[in-house]
Amino acid sequence: MTRTNKDSLNKNDSRNGVLTHLAIIMDGNGRWAENKNLPRLAGHRAGTENIRSIIEESTKLGIKHLTLFAFSTENWRRPSSEVEGIMNILTNVIKNETPSLHQKGVKISHIGSLDGLSQELKEAILYTTDLTRNNKSLYLNIAFNYGGRTEILEAVKKILADNISVRNLDEKTFASYLDTSGIPDPDLIIRTGGEVRLSNFLIWQSAYSEYYSTTKFWPDFKKRDLRKALATYQQRNRRFGEITTD
């Protein structure tokens with residue numbers, strides 16, 4: 001099936017209220033902790049604990065692709081103690097949650113760069129992605145050390161290195177060099193924490209994504225909030241630049 005046919009299928013499904021790919025910017029962990037007079041890392045721990053229930057609900061709702069924005073390339077600018085703490089939390093989460101997710105048939109993929117990560121975290125990511133590579137119940141993509149501009153720049157470098165002719169360079173070819181190659185573009189992007197910007201997340205892939213922002217911090221974003229966001233999505237008319245007629 002060509003990319004054009006896939007895009008047409010995705011558009012038709014989306015117009016019928018079907019959501020294939022959900023992406024979430026998990027924002028507000030630190031502010032959640034500060035509001036409770038807790039260390040910021042307590043918020044990051046609470047945020048990772050919240051992921052489990054959202055994965056379960058996404059599977060129950062029939063979502064096939066779930067992408068979670070966990071750590072951006074810009075997050076390295078935070079205090080080193082917080083960054084190191086986030087790395088340790090993620091390492092422990094991967095090790096603790098992988099067996100259960102694998103048993104449930106979840107395929108876990110990493111989007112972003114492994115550069116700068118600790119050896120222990122790199123090994124945990126590589127082990128998990130290899131272990132779950134054949135699973136199909138849910139495709140879970142973790143965007144960690146990820147930035148949309150960096151992703152696009154790296155794709156350009158790879159295209160140049162492969163000597164791709166300008167004549168052969170189209171959207172399909174370019175997309176195949178992105179971290180999300182083979183993954184449909186997100187239908188809906190949810191951002192928690194009250195902000196209304198993409199923050200360098202999937203900026204190529206989100207050209208026609210619907211957007212939903214909530215003031216709830218990520219640790220407080222529950223299953224009912226996910227269902228509310230999806231209900232809002234189902235009410236929208238996605239035209240993809242075209243004119244639709246009743």
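The axis of a helix is here a line fitted to C-alpha atoms over the stretch in contact, and angles between axes run from 0 to 180 degrees between N-to-C directions. With that in hand, the axes of H3 and H4 come within 10 Å and cross at roughly 25 degrees. Angles under 35 degrees count as roughly parallel, and H3 is therefore roughly parallel to H4. The handedness of the H3 and H4 crossing is right-handed. The model is predicted.

**Overall architecture**

The protein chain has eight helices and six strands. Read from the N terminus, their order is α-β-α-α-β-α-β-α-β-α-α-β-β-α. Of the 246 residues in the protein chain, 44% are buried. Among contacts with a separation of 6 or more, 75% are between residues 24 or more positions apart.

**Helix packing**

Two packed helices are described by the angle between their axes and the distance between the axes.

| Helix pair | Angle between axes | Distance between axes |
|---|---|---|
| H3 and H4 | roughly 25 degrees | within 10 Å |
| H4 and H5 | about 20 degrees | 9 Å |
| H3 and H8 | about 45 degrees | 9 Å |

On the H3 side, the contact between H3 and H4 is made by Arg40, Leu41, His44, Arg45, Thr48, Arg52 and Ile55, and on the H4 side by Ser81, Glu82, Gly85, Ile86, Ile89, Val93, Glu97 and Leu101. By class, six residues of the contact of H3 with H4 are nonpolar, four are polar and five are charged.

H4 and H5 pack at about 20 degrees, and are therefore roughly parallel to each other. Their crossing is left-handed. H4 contributes Met87, Leu90, Thr91, Ile94, Lys95, Thr98 and His102 to the contact, while H5 contributes Glu120, Leu121, Ala124, Ile125, Thr128 and Leu131. The contact of H4 with H5 contains seven nonpolar, four polar and two charged residues.

H3 spans residues 40-60 and H8 spans residues 223-234. At about 45 degrees, H3 and H8 are therefore oblique to each other. H3 passes H8 in a right-handed crossing. Ser53, Ile54, Glu56, Glu57 and Ser58 of H3 meet Lys223, Leu226 and Arg227 of H8. The contact of H3 with H8 has four charged residues, along with two nonpolar and two polar ones.

Thr91 is in H4, which covers residues 80-103. Its relative accessibility is 3%, so Thr91 counts as buried. A polar atom of the Thr91 side chain lies 2.8 Å from the backbone oxygen of Met87. Leaving aside residues up to four places away in sequence, Thr91 touches Glu120 and Leu121. Both of these residues belong to the H5 side of the contact between H4 and H5.

Lys122 is found in H5, residues 119-131. At 24% relative accessibility, Lys122 counts as partly exposed. Lys122 and Thr91 are 31 residues apart along the chain, and their C-alpha atoms are separated by 8.7 Å. Beyond residues up to four places away in sequence, Lys122 touches Leu114 and Leu117.

**Asn145**

Asn145 lies in strand E4, residues 138-146. With a relative accessibility of 6%, Asn145 counts as buried. Which backbone oxygens lie 3.0 Å and 2.9 Å from a polar atom of the Asn145 side chain? The backbone oxygen of Ser113 lies at 3.0 Å, and that of Asp115 at 2.9 Å. Not counting residues up to four places away in sequence, Asn145 touches Phe71, Ser72, Thr73, Trp76, Gly112, Ser113, Asp115 and Leu117. Leu117 is also among the residues touched by Lys122.

**Lys216**

Lys216 is placed in the loop between strand E6 (210-213) and H8. Its relative accessible area is 30%, so Lys216 is partly exposed. Lys216 and Gly193 are 23 residues apart in sequence, and 5.2 Å apart in space from C-alpha to C-alpha. Apart from residues up to four places away in sequence, Lys216 touches Thr192, Gly193, Arg224 and Asp225.

Key:
Residues numbered from 1 in each chain as written. Predicted model: local features only at pLDDT ≥ 70, side-chain atom pairs only at ≥ 80, totals over all residues. Heavy atoms only, no water. Helix = DSSP H or I, 4+ residues; strand = E, 2+ residues; numbered from the N terminus. Parallel < 35°, antiparallel > 145°, perpendicular 65-115°, else oblique. Left-handed = near helix turned anticlockwise from the far one by under 90°. Contact = heavy atoms within 4.5 Å. Nonpolar A, V, L, I, M, F, W, Y, C, P; charged D, E, K, R; others polar. Buried < 20%, exposed > 50% of the residue type's maximum accessible area, 1.4 Å probe, protein only. Polar contact = N/O pair within 3.5 Å; in protein donor to acceptor, adjacent residues only side chain to side chain.
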